[in-house]
Amino acid sequence: MSTTPFPGPVRRRAALGSALAATLLLSGCGADVASDAEASAKVTVNRCGEPVEYSVPQRAVAYEGGSADKLFSLGLTEHVHGYVMPPANPPVSESPWAAEYAKVKMLSDDLLNKELVVEAKSDFVVAGWNSGFKDERGITPEILDKLGIQSFMHTESCFNYPRYPEKVTPFEALYTDLQRLGRIFRVEDKADAVVADLKKRVQAVKDQAPQGDPMPVFLYDSGTDQPFTAGSQVPPNDIIRTAGGRNIFGGLDQRWTQVNWESVAKAEPEVVIILDYGDLPAQKKIDFLKKSPHTRELPAVKKNNFFVLDYNEGISGPRNIDGLEKFATYLRDLRG
């Protein structure tokens with residue numbers, strides 16, 4: 001997805017299912033974090049492909065919903081000082097962890113920056129590479145290291161991290177992050193339980209996936225002259241694949257990327273996933289696809305096969321599995 005901020009968050013959200021409610025029961029309570037002696041000790045955990053020594057953070061800052069959700073799902077609210085939530089994100093009141101967001105500070109509704117982190121006296125920042133952390137904006141793990149501020153990057157975003165890249169499938173990256181954060185905060189048992197529950201839900205979807213040739217699916221993020229979409233290195237690819245579909249751009253070894261309308265038309269997608277965020281409501285994106293000469297004759301558009309994926313179900317975080325379950329239900333219903 002574009003890293004350019006979009007004002008005015010979208011308000012459409014689906015109701016939480018029973019599976020998510022079960023997860024909240026599992027992950028909503030606080031975790032038993034390390035004692036003072038354990039907290040002052042160092043533990044070595046990978047930050048992308050780089051081994052880094054961490055002490056237990058006390059004033060964490062999370063950038064975007066995926067980062068905060070990972071911390072909240074592990075019961076670490078007391079160790080979160082605040083969050084930075086650019087306008088592309090849906091309101092935190094719509095989060096499964098809304099009560100946890102309410103207990104910490106909203107630090108900014110703009111992009112992450114070094115000054116904000118220093119002013120917050122943060123000792124730990126969680127963000128993705130080339131989203132929260134970015135050379136051009138002067139906030140990188142290396143810069144924070146020099147300031148004595150610990151940092152952690154989403155493994156999903158490590159694909160093209162300079163010097164220390166790391167590449168795993170998006171769902172595996174989610175599990176990896178939760179387990180690494182569990183080690184950093186010394187809540188390994190909690191992390192193992194949360195990951196086990198997520199894996200169980202993923203397996204349940206796999207077990208019910210439609211048989212036969214996977215239905216071709218196009219994820220539409222944004223763009224009119226050229227579409228922005230999901231390659232193989234972001235969560236929607238795993239959502240589509242696990243549910244029994246085929247991402248028409250899953251062969252691109254990239255994250256969020258620009259393609260052309262000709263390649264979309266050639267793939268003849270049967271379903272279009274609309275990524276819902278920013279100041280352009282999902283319905284306006286659908287209206288554009290129905291009117292554009294590039295897309296109005298696509299099988300998915302002619303059949304009105306549109307599925308709306310919430311922003312925080314599309315970026316790396318526990319809500320990926322909520323999006324998976326919803327899309328899997330949609331795909332099964334479509335296949336009959």
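1. Contact, as used throughout this note, means that heavy atoms lie within 4.5 Å of each other. With that cut-off, and leaving aside residues up to four places away in sequence, R47 touches V52, Y54, P141, D145, S151, F152 and M153. The model is a predicted one, and the points below should be read with that in mind.

2. On the overall make-up, the protein chain holds 14 helices and 13 strands, and 56% of its 336 residues are buried. Among the contacts in the chain with a separation of 6 or more, 71% are accounted for by residues 24 or more positions apart.

3. Is R47 buried or exposed? The residue belongs to strand β1, which spans residues 43-47, and its relative accessible area is 2%; because buried means under 20%, R47 counts as buried. The strand has a covered face made up of V43, V45 and R47, whereas T44 and N46 make up the uncovered one. Side chains in a regular strand alternate between the two faces of the sheet.

4. The partner of β1 here is strand β2, residues 50-54, to which β1 is joined by five bridges in the antiparallel sense, with T44 standing opposite E53. The two strands form a hairpin with two residues between them, and C48 in the turn has a positive phi of about 55 degrees.

5. β7 pairs with β6 in the parallel sense over four bridges, and Q150 in β7 is the bridge partner of F124.

6. Which strands form the open sheet of four, and in what order? The order is β10-β8-β12-β13, with parallel pairing. β10 (245-247) and β13 (306-310) stand at the edges and have a single partner strand each, so one side of each is left without a neighbour in the sheet. Neighbouring strands of this sheet are turned against each other by 35 degrees on average, direction ignored. Within the sheet, β8 (residues 215-220) and β12 (residues 271-276) run parallel and are joined by four bridges, and Y220 stands opposite I274 in β12.

7. Helix α14, residues 320-335, lies across β8, β10, β12 and β13 and runs at about 170 degrees to β13.

8. Helix α3 deserves a separate comment: 10 of the 10 residues in this helix, which covers residues 64-73, are buried, so α3 is largely enclosed by the rest of the structure. The buried residues include the charged E64, D69 and K70, as well as A68, L71 and F72. After α3 comes G75, which has a positive phi near 75 degrees.

9. Two residues other than glycine with positive phi may be worth a look in a backbone check. N130 has a phi near 65 degrees and sits in the loop between β6 (124-127) and α6 (141-146), where it is partly exposed with a relative accessible area of 25%. E268, with a positive phi of about 50 degrees, is placed in the loop between α10 (261-267) and β12.

10. The largest holds about 40 Å³ and is lined by G65, M85, N89, P90, P91, V92, S95, Y101, N312 and R319, a lining of five nonpolar, four polar and one charged residue. G65, one of these lining residues, is also one of the buried residues of α3.

11. The second largest cavity contains about 30 Å³ of space, and its lining consists of T155, E156, F159, E166, K167, V168 and Q233. By class, this lining has two nonpolar, two polar and three charged residues.

How values were computed. Residues are numbered from 1 along each chain as its sequence is written. This is a predicted model: local features need pLDDT of at least 70, side-chain atom pairs count only at pLDDT 80 or more; totals for chains, interfaces and linings use all residues. Side-chain values use heavy atoms; hydrogens and water are left out. On a 1 Å grid over the protein atoms alone, a cavity is a set of points where a 1.4 Å probe fits but cannot get out, and a pocket is an open set with protein on both sides within 12 Å along at least five of seven lines; lining residues have an atom within 4 Å of a point. Grid points are joined across faces, edges and corners, and a volume is the space filled by probe spheres set on the points. Buried means under 20% relative accessible area, exposed over 50%, partly exposed in between (1.4 Å probe, protein chains only). Two strands pair if DSSP finds at least two bridges between them. Axes are lines fitted to C-alpha atoms, for helices over the stretch in contact, and angles run from 0 to 180 degrees between N-to-C directions.
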